Amino acid sequence: MSDSQLDVAIVGGGLAGGLIALALHRARPEFRIAVVEAGKVIGGNHRWSWFDSDLSEEGRALLAEFRQTGWDAGYDVEFPKYRRTLGTSYCSMASHDFHEGLMRALPDNAVMLGRKAASLDARGVDLDDGTRLDARAVIDCRSFQPSRHLRGGWQVFLGRHMRLPEPHGLERPVIMDATVDQLAPSGNGGAYRFVYVLPLASHDVFVEDTYYADSFKLDRAALSARIDQYARENGWPDHAIVGNEAGVLPVLTGGNFSAYQEEVRISGVAIAGARGGFTHPLTSYTMCVAVENALLIAREADLTGPQLAALMETRARHHWRKTGYYRLLGRFLFFAAEPHKRVKVFQRFYRLREGLVERFYAARSSPLDKARVLWGEPPVSIPAAILAMFNRGPPLKANAPIDLQTENEA
């Protein structure tokens, strides 16, 4: 390897790319690593949350580098027919804390912000300003690639970080308040709606309005007005806006994953993150698998670029097969339940045992878990469920706006 050659070039400074860089640096501090990120910061404008049970001790140690908020008192869910507190510890991290943690941990020259990759190959990266980065291994961690080969619906959200003049009094997160108005089908389609609430500090609260929708339309004005209404109903009419975030994420219900891999494959380049298919198909959670992939790549740091690419492609195919059950449940949700009645699916699910819920979010459901979710009185009609089993859904077209992250609007 020449003196100017990198050991690893990582393109895309989101959660997956940042964690891979950190894990590699910890395992092999002598490695020359570059993270190429087109944005001004690592991680964009986003908030990641996860259950403490999602991670191994090694995974928790990796995330210990970052400032995060945790709630040992568990979390609440609220539905029209009941409210429940589950005891699993919950954690959350803002992207600005992710950025600051990585900038502290990585060498000064390892992060290249505001630099866009024009092309990738097995031997390096060409930037759009003509700069060439030669590397022994290249890892593609850019955003999810919409494709006609993948099918499903959408998770649409708008979140607001508010600072209140008086303490809010909340002890735990409310990760699903589904007592809010549901959206019946209309010209823009319907949706299952819930509000997500994180008490970040005594006077700070993060409120996110979220939809499982047939359409990927993000109406910022409408969602912002609904957050205003939710704040008023909770006694928070007067508040300062610290920041906002918004996004549209795919909820995968089926597709031809081999064809998708062929579409995004660059010979000899490893793919990680959402572009590689490493998400939870139904919840769009990424933290658990992003941590696992980062630790694996750090353990296999001596592989050549093509060897690493083959490893990650095989791992992605395994993840697709492993998560087929969740895509089936996604089909029940989107194609067997009317949009404004999808709340019944989640209302039934959260009555189940706490351990089952934990394993579900980590995509580690046991065979008994899977049977228990489907057993009993169904929240949708049997004929509709049977038809949904064979309905893979509409294609996630390439012109759809995926993972729209806004700049901080404070």
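**View 1. The buried residues of helix α3 and what they pack against.** In this predicted model, the buried residues of α3 pack against α1, β3, β7 and β8 (111-113). Helix α3 itself covers residues 95-105. To find its buried positions, look for Ser-95, Asp-97, Phe-98, His-99, Gly-101, Leu-102 and Ala-105.

**View 2. An open sheet of three strands.** Follow the strands across the sheet and you will read the order β3-β7-β4, with antiparallel pairing. Strands of a sheet pair through backbone hydrogen bonds, and the pairing can be either parallel or antiparallel. Which strands stand at the edges? They are β3 (47-51) and β4 (69-71). Each has a single partner strand, so one side of each is left without a neighbour in the sheet. From one strand to the next, the twist averages 15 degrees.

View 3. A handy place to start is Thr-69, which stands opposite Ser-92 in β7.

**View 4. Helices α1 and α6 crossing.** Two packed helices are described by the angle between their axes and the distance between the axes. For α1 (residues 15-27) and α6 (residues 287-299), the axes come within 8 Å and cross at roughly 35 degrees. The crossing of these two helices, α1 and α6, is right-handed. On the α1 side, the contact is made by Leu-15, Ala-16, Leu-19, Ile-20, Ala-23, Leu-24 and Ala-27. On the α6 side, look for Met-287, Ala-290, Val-291, Ala-294, Leu-295, Ile-297 and Ala-298. What classes of residue make up the contact of α1 with α6? There are 14 nonpolar residues, with no polar and no charged ones.

**View 5. Stepping back to the chain.** The secondary structure of the chain comes to 12 helices and 18 strands. Its radius of gyration is 21 Å, close to the 22 Å that the globule rule gives for 410 residues, so the chain is as compact as a globular protein of that length. The C-alpha trace spans about 65 × 50 × 40 Å along its principal axes. Of the 410 residues, 55% count as buried. Among contacts in the chain with a separation of 6 or more, 77% come from residues 24 or more positions apart.

Key
Residues are numbered from 1 along each chain as its sequence is written. This is a predicted model: local features need pLDDT of at least 70, side-chain atom pairs count only at pLDDT 80 or more; totals for chains, interfaces and linings use all residues. Side-chain values use heavy atoms; hydrogens and water are left out. Axes are lines fitted to C-alpha atoms, for helices over the stretch in contact, and angles run from 0 to 180 degrees between N-to-C directions. Helices (H or I, at least four residues) and strands (E, at least two) are DSSP runs, numbered from the N terminus. A crossing is left-handed if the near helix is turned anticlockwise from the far one by less than a right angle, and right-handed if clockwise. Contact means heavy atoms within 4.5 Å. Ala, Val, Leu, Ile, Met, Phe, Trp, Tyr, Cys and Pro count as nonpolar, Asp, Glu, Lys and Arg as charged, and the others, Gly among them, as polar. Two strands pair if DSSP finds at least two bridges between them. The radius of gyration is taken over C-alpha atoms; the globule rule is 2.2 Å times the number of residues to the power 0.38. Buried means under 20% relative accessible area, exposed over 50%, partly exposed in between (1.4 Å probe, protein chains only).
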